[in-house]
Amino acid sequence: WELMDQFLNALLFLLIGLALVLLDLAWRDWILLVIAVPLCLASRFISVSLPYMAFRRYRSYNKFSVRILTWGGLRGGLAMAMALALPSGVMMLPEHGVDLREVILVMTYAVVMFSIVVQGMTITPMITAAKKASGHY
């Protein structure tokens, strides 16, 4: 089953890459690519840290917990599949000539690629540091 899972994930990302080749990236799309990743990380940090602040009254946590959950919130194929499932040409901003499907697709692709490449490669050292800090290493 693991081999089938890896094969289907590879196929999914191949199809995603082919779908993105058809996109015509304008200058505003590059700005959205840069904005999408920090925006997603900031919203994840807020959604993780607020419950931690409330529960900190009742128990103690490793000081790396919020950072690990924020950085380790990997996104992937499901987010891209949902963005690709949006209908094209239905959600338009006529005054700007922008198809919102393409905007969502570009931003989702940026977050997914950053998540897989950067976060995926750097989460292990963060977990190792957390284990050392708590004395479980």
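**Helix packing around α5**

Helix α2 (residues 27–55) packs against helix α5 (residues 100–134) at an angle of about 55°, with the two axes 8 Å apart. α2 is therefore oblique to α5 (angles under 35 degrees count as roughly parallel, over 145 as roughly antiparallel, 65 to 115 as roughly perpendicular and the rest as oblique). This is a predicted model, in which local features need pLDDT of at least 70, side-chain atom pairs count only at pLDDT 80 or more, and totals for chains, interfaces and linings use all residues. Residues are numbered from 1 along each chain as its sequence is written, and side-chain values use heavy atoms, without hydrogens and water.

**α2 with α5**
- The crossing of α2 past α5 is right-handed.
- From α2, Asp29, Leu32, Leu33, Ala36, Val37, Cys40 and Leu41 meet Val103, Val106, Met107, Ala110, Val111, Phe114 and Gln119 of α5 (contact means heavy atoms within 4.5 Å).
- By class, this contact of α2 with α5 has 12 nonpolar residues, one polar and one charged.

**α4 with α5**
- Helix α4 (residues 77–84) packs on α5 at about 170°, with the axes 9 Å apart.
- α4 and α5 are therefore roughly antiparallel to each other.
- Ala79, Met80, Ala83 and Leu84 in α4 meet α5 residues Arg101, Ile104, Leu105, Thr108, Tyr109 and Val112.
- The contact of α4 with α5 divides into eight nonpolar residues, one polar and one charged.

**Ser49 in α2**
- Ser49 lies in helix α2 and is buried, at a relative accessible area of 12% (buried means under 20%, exposed over 50%, partly exposed in between, with a 1.4 Å probe and protein chains only).
- The Ser49 side chain reaches the backbone oxygen of Phe45 at 2.8 Å.

Notes: Axes are lines fitted to C-alpha atoms, for helices over the stretch in contact, and angles run from 0 to 180 degrees between N-to-C directions. Helices (H or I, at least four residues) and strands (E, at least two) are DSSP runs, numbered from the N terminus. A crossing is left-handed if the near helix is turned anticlockwise from the far one by less than a right angle, and right-handed if clockwise. Ala, Val, Leu, Ile, Met, Phe, Trp, Tyr, Cys and Pro count as nonpolar, Asp, Glu, Lys and Arg as charged, and the others, Gly among them, as polar. A polar contact is a pair of N or O atoms within 3.5 Å; within protein, one must be able to donate a hydrogen and the other to accept it, and residues adjacent in sequence count only if both atoms are side-chain atoms.
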